[in-house]
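Please keep the sequence and the model in view while reading.

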Amino acid sequence: MYNVITLDPNGIYDAYLRKSRADMELERLKKFDTLKQHEKFLKDRAKQLGIKIRHIYREVVSGESIQERPEIQKVLKDIETGTVDGILVVEVERLTRGDSKDQGTISQAFKYSNTLIITLNKIYDPNSDDDEEYFEFGLFMSRREYKAINRRMQRQRLANVLAGKYCASEPPFGYKKVKLKYDKGFTLEPIPEEAEVVKEMYKKRADGMGHDIICNWLNTLEFRPKKSDVWTPSTIKGILSNPVYLGKIRWNSNKQHKSLVNGQIVKKRKKGTKDEIILVEGLHPAIIEEDLFNIVQGIQPKQVSTTHGTELQNPLATLIRCADCGRSMQRRPYYENKKQEPKLRRKYEVDKEKLRLCLREHKGDYSLRDIATALGVSKCSVDHWFSSTQDKFTMPYADKWEDLKKLLNITTTEFDKAITTFEENTIDPHEDTLICQKAHCTNIGSNLSLVEAEVIKGLREYLNTQKELLTTYNPAEEDDNIMYQALCKDLEKYNKQLDKQYELLEQEVYTPEDFTKRSKVIKDKINATTKELSKYQTKLNKDKIEKLLPKIEKVIDSYWRVKTAEKKNKLLKSVISYVDYKKEKGGRGYENNFSIAIHPRF
């Protein structure tokens, strides 16, 4: 007997879209967008059932597990609140093709939240025994199908590699990927302009030029690597060791390995062993001659001295992240041999404007070149001594001052002491700096000590703010989580809008005045939304924050009494998950012109 399910026309319904491998193959043949087609199917289905779709989640990334698919994670978070009545999908298999753990996660999430699964042919009630069994069987068969397809693809890919075809998704720099004539698969075809750049890279390396210098040279050209806006030494190193430029195909050089870390599957790339790596002759032409390639491979990298101690020197190690690229900021030290030597400077101040007027008054009929010749100095120096503007004026040389007075018949002794009396000025060595690891990153570094002090200041501000908020907030209500999620989406939208404003400014679509005016509106929205988010976060994490605040207080009280960087680092990590760092303008006078956002460790 069929279980008749009645839908609430005023209920909350979302839709989830995801491409399968078969869809991707079909798109290549028939040139259409699968997600748009499926979106139309689900909208028609919703109209047929008399319901409205509130939000559509579009999974555009390919991933085997829930962990790799951000949109399905958002769907699960939404249904766990118990406020979503149903999720529309083309078929249940679209929800997951992961392992039994993922299937169990999906099944339990829908069951315990009492959320319906609405497909084009059937409505599944997860609390119905028949529907639950049918749903779980569908997920199980989907997983089996995925594994079978994956094995078949891997066998076909290996066969193509052994036949000399190119199977990677992206071609290397210097080549373009082309379809083989009269055969299935792809090969590579040189791009003449890029091929010449590759040849020049190999020649420069063979002549002894380092990766960093080659990198700087390439960044002056109009050519860019395949997956980045700038060249980096690691990219250069990869190109200079890739046998694809010899006309060969290499496979399994970097294999993916899975491991279980803190209950999560972590994927890492590791270099394949000699037995695992496959190297065969390719169908594509070579760009580099074998002799030149072998010379480059034979060059040994210079050994870097590591005589300095291995004790941790950075109290903010792995805590500070670049707000632009997400990488961890690193400490750039200045060692003793880089200290500047003491210099001499004038001991007494002088009224420069009065001195400048005095010199111009006594100049008489002398030309500047006559004065330069008489004193044996450059004309450029004399130009500055007699400059008509205060900004360009410089004081005369101390050892030429008496000769200049005699030449111009200056009798006053008012300036003698200030011009001729010097003292030694000891210049302190540079402080350690915190910089982004990414080459040519636009995020500007700062003195490590300044950032460290700002982090402690930020913790103190967070402590005071949360103490005040906790006195006014009751426990979280049912709708607070929904509001928090909505505010997160708003903040993401505003940040994207601000990024777009910067792009339009760079493309000169906006004038600086237009950009300032428009970006101010968006920045005000970002600030207001961030404040609201902080309030809801406090309510939702009230118990966790109450436990965290005493720890923060203890860290603040003891931090500056701790002597070693390693102990300071452990203290900060006990209360901080990570800190976002941003600085857009540097130079003298802008040392403190950076911002940080602290993410507490609940």
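Is E353 buried, partly exposed or exposed? With a relative accessible area of 31%, E353 is partly exposed, because that value lies between the limits of under 20% for buried and over 50% for exposed. The model under discussion is a predicted one, and the values given here are computed from it.

E353 also has a charged partner. Its side chain forms a salt bridge with R356, and the closest N and O atoms of the two are 2.9 Å apart. Both residues belong to helix α10, which covers residues 352–362. Because E353 and R356 are 3 residues apart in this helix, about one helical turn separates them. In general, side chains of opposite charge can pair when their charged atoms come close.

A search of the whole structure finds 21 salt bridges. One of them joins the side chains of D78 and R54, with 3.9 Å from N to O. This pair links distant parts of the chain, since D78 lies in helix α3 (residues 70–80) and R54 in strand β2 (residues 53–59), 24 residues apart. D78 is buried at 10% relative accessibility, while R54 is partly exposed at 44%.

A further salt bridge connects the side chains of E194 and K226, again at 3.9 Å from N to O. E194 counts as buried, because its relative accessibility is 14%. K226, with a relative accessible area of 37%, is partly exposed.

Charged residues also gather on the surface. A negative patch there is formed by D129, D130, E133 and E136. Of these, D130 is found in helix α5, which runs through residues 129–162. D130 counts as exposed because its relative accessibility is 57%, and the limit for that term is over 50%. A patch of positive charge is made by K147, R151, R152 and R155. R151 has its place in helix α5 as well. With a relative accessible area of 48%, R151 is partly exposed.

Helix α15 comprises residues 448–470, a total of 23 residues. From its first C-alpha to its last it reaches 33 Å, close to the 33 Å expected at 1.5 Å a residue. Which residues of α15 are buried? Among them are L448, V451, V455, I456, L459 and L463. The buried set also includes E452, G458, Y462 and Q466.

The backbone deserves attention next. Most residues other than glycine have a negative phi. T318 has a positive value instead, with phi near 65 degrees. T318 is found in the loop between α9 (290–298) and β12 (320–322). N409 likewise has a positive phi, near 60 degrees, and is a residue other than glycine. The place of N409 is the loop between α13 (401–408) and α14 (416–420). N409 is exposed, with a relative accessible area of 57%.

P333 is located in the loop between β13 (329–332) and β14 (343–346). A relative accessible area of 18% makes P333 buried. A second example is given by S534 and Y484, which are 50 residues apart along the chain and have their C-alpha atoms separated by 9.2 Å. S534 is in helix α17 (residues 512–540), and at 24% relative accessibility S534 counts as partly exposed.

Definitions and conventions
Residues numbered from 1 in each chain as written. Predicted model: local features only at pLDDT ≥ 70, side-chain atom pairs only at ≥ 80, totals over all residues. Heavy atoms only, no water. Helix = DSSP H or I, 4+ residues; strand = E, 2+ residues; numbered from the N terminus. Expected span 1.5 Å × (residues − 1). Buried < 20%, exposed > 50% of the residue type's maximum accessible area, 1.4 Å probe, protein only. Patch = residues over 30% accessible without salt bridge, like charges linked within 9 Å, V, L, I, M, F, W, Y side chains within 5 Å. Areas by Shrake-Rupley, 256 points an atom, 1.4 Å probe, with all protein chains shown as cover. Salt bridge = Lys/Arg side-chain N within 4 Å of Asp/Glu carboxyl O. Lys, Arg positive; Asp, Glu negative; His and termini not counted. Charge placed at Lys NZ, Arg CZ, Asp CG, Glu CD.
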